[in-house]
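Let's take a friendly walk through a protein model. Have a look at the fold before reading on.

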Amino acid sequence: MLQRILLACSMLALAASVSAAEIVVIVNPANPATAMTTAQASQFFLGKSTMFTPVDQAESASIRAEFYKKVSDKDLSEVKAIWSKLVFTGKAAAPKELHSSAEVKKAVAGNPTGIGYIEKSAVDSSVKVVTTLP
């Protein structure tokens, strides 16, 4: 019985540490930007600016919900509604959706105007961090 309780506690601690991973906003290393506020990042991911080409995580990825909550204080349904309106009115195209941080990192590394978000632990020299979300 004690082993089951300890196993359950370990699993809960692991789940909490995974969801509490630091998220960073990344750009192409050739991009002149060196820092960005969360408000600025929000503009690119909510279609308010076309200066950068945003790359999104999969809708089902937990990092996506956490990112939008931290950067814009919006849940995924609110974000989806914003993009639906922008796409419907022809004002913008929704960000390309990729299935992993590795794919997002590769896409941003290959596009001088690319911007994305990944776990801090996935950062390498192929991208540049401009914001770390609390």
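In which helix does Val-87 lie? Val-87 is part of helix α4, residues 76-88; helices here are DSSP runs of H or I with at least four residues, strands are E runs of at least two, and both are numbered from the N terminus.

A word on the source: this is a predicted model, in which local features need pLDDT of at least 70, side-chain atom pairs count only at pLDDT 80 or more, and totals for chains, interfaces and linings use all residues. Residues are numbered from 1 along each chain as its sequence is written, and side-chain values use heavy atoms, leaving out hydrogens and water.

The protein has 5 helices and 5 strands, in the order α-β-α-β-α-α-β-α-β-β from the N terminus. Among its 134 residues, 34% are buried (under 20% relative accessible area, with a 1.4 Å probe and protein chains only; exposed is over 50%, partly exposed in between).

Val-87 is partly exposed because its relative accessibility is 43%. Leaving aside residues up to four places away in sequence, Val-87 touches Ala-92, Ala-93 and Ala-94, where contact means heavy atoms within 4.5 Å.

Now for the rings. The whole structure holds 6 aromatic pairs: rings of Phe, Tyr and Trp (its six-membered ring) with centres within 6.5 Å, called stacked under 30 degrees between planes, edge-to-face over 60 and tilted for the rest. Two of them are these:

| Pair | Centres | Planes | Type |
|---|---|---|---|
| Phe-67 and Tyr-68 | 5.1 Å | 75° | edge-to-face |
| Tyr-68 and Tyr-117 | 6.3 Å | 80° | edge-to-face |

The Tyr-68 and Tyr-117 pair links helix α3 (residues 62-72) with strand β4 (residues 114-119), 49 residues apart. Both Tyr-68 and Tyr-117 are buried. Together with Phe-45 and Phe-67, they form one aromatic cluster.
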